[in-house]
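Subject: Structure handover

Hello,

Here is the structure you asked about, followed by notes on what was found in it.

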Amino acid sequence: MSALTILIAGMAAFSSVRQGNGGRPFSASGRDSFSVGFESPDDYAGSYITRSGQLGTTFHELSGDKVRSGARAHKAWIRGSNGFWRFDQDGPNHRGYPTFQFHRSGGGFRGPTLITLWVWLDVALKRGEWFSFATLSADASDRWKRVVCVNLDDHGFVHLMHVPRHGEGQRTFQTTSTRFPLRQWVKLSMFIDFDSRAGRAIVCQDGALVSAAHVEGGRGVLEQAHFGMYAAPGVDSGVVYNDDLEIRSAPDISEPLPGS
């Protein structure tokens with residue numbers, strides 16, 4: 001059985017679990033599951049939230065404009081470029097999102113973890129620009145020192161970033177044919193294991209493998225994450241909706257990653 005088949009089977013096993021728990025912990029020692037429908041600010045209560053209107057260009061809110069299920073989804077949008085000369089406490093990049101800081105309430109996800117998220121995106125990226133769907137961190141501090149990002153490049157391909165080490169983009173598999181479709185709901189499935197010796201990450205887009213990589217520098221726990229609007233400062237317009245976020249402890253993918 002291929003690594004991709006194992007991942008899809010694991011995703012199906014969790015597909016019946018829906019809607020939010022208000023960010024509440026599952027146990028004192030860590031978590032097994034977490035899900036939010038972006039229906040209420042209680043979904044991310046106690047975690048850091050970027051300021052809507054950051055630099056006057058990046059905004060976010062819970063909205064009924066476009067939803068996959070329920071009454072609301074998380075909406076974030078850009079009105080104008082930040083350029084490279086504008087800066088606030090979060091830097092010049094566009095940021096419009098709530099964070100989910102699991103270490104603050106019940107502990108992070110230990111071991112292999114599966115994340116599924118539904119995304120509706122409309123953004124035009126110029127040469128060299130990027131948009132980020134997810135930032136996954138093995139660091140429990142406010143510095144987010146060790147992260148893995150799931151990004152979209154200016155050619156329309158979803159790819160892993162900061163792999164295997166921070167600042168690098170070396171992948172064991174990367175699609176060059178399956179582009180991310182804009183202006184429709186797409187299911188992103190992300191497998192992350194921050195194991196200190198055999199870390200790895202895999203991303204599927206509507207069930208199709210699009211990116212895979214080894215991950216170094218973790219300590220075995222997904223401590224915090226954010227999803228929403230995170231984009232290069234030069235991006236001057238765009239909107240993204242997130243809905244039906246689910247995070248689950250997952251079976252380990254014991255086979256080598258594609259290409260390794």
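How much space lies in the largest pocket? The answer is about 510 Å³. Please keep in mind that this is a predicted model.

The lining of the largest pocket is made up of 22 residues, and the closest to the pocket centre are Arg95, Tyr97, Arg143, Trp144 and His226. By class, nine of the lining residues are polar, eight are nonpolar and five are charged. Three strands each supply at least two residues of this lining: β5 (99-101), β9 (147-152) and β10 (158-161). The most comes from β9, which gives three residues.

Now the aromatic side chains. The structure holds 11 aromatic pairs. Two of them are set out below.

The pair of phenylalanine 34 and phenylalanine 100 is edge-to-face, at 5.5 Å centre to centre with 70° between the planes. Phenylalanine 34 belongs to strand β1 (residues 33-36) and phenylalanine 100 to strand β5, so the pair ties together parts that are 66 residues apart in sequence. Both phenylalanine 34 and phenylalanine 100 are buried.

Tryptophan 130 and tyrosine 230 also form an edge-to-face pair, with 5.1 Å centre to centre and 75° between the planes. This pair links distant parts of the chain, 100 residues apart: tryptophan 130 is in the loop between β7 (113-123) and β8 (131-137), and tyrosine 230 is in strand β17 (residues 229-231). Are the two residues buried or exposed? Tyrosine 230 has a relative accessible area of 13% and counts as buried, because the cut-off for buried is under 20%. Tryptophan 130, with a relative accessible area of 22%, is partly exposed.

There is also one aromatic cluster formed by Phe34, Phe38, Tyr44, Phe100, Phe102, Phe109 and Phe227. Phe34 and Phe100, the edge-to-face pair described above, are among its members.

Regards

Terms used:
Residues are numbered from 1 along each chain as its sequence is written. This is a predicted model: local features need pLDDT of at least 70, side-chain atom pairs count only at pLDDT 80 or more; totals for chains, interfaces and linings use all residues. Side-chain values use heavy atoms; hydrogens and water are left out. On a 1 Å grid over the protein atoms alone, a cavity is a set of points where a 1.4 Å probe fits but cannot get out, and a pocket is an open set with protein on both sides within 12 Å along at least five of seven lines; lining residues have an atom within 4 Å of a point. Grid points are joined across faces, edges and corners, and a volume is the space filled by probe spheres set on the points. Helices (H or I, at least four residues) and strands (E, at least two) are DSSP runs, numbered from the N terminus. Ala, Val, Leu, Ile, Met, Phe, Trp, Tyr, Cys and Pro count as nonpolar, Asp, Glu, Lys and Arg as charged, and the others, Gly among them, as polar. Rings of Phe, Tyr and Trp (its six-membered ring) pair if their centres lie within 6.5 Å; planes under 30 degrees apart count as stacked, over 60 as edge-to-face and the rest as tilted. Buried means under 20% relative accessible area, exposed over 50%, partly exposed in between (1.4 Å probe, protein chains only).
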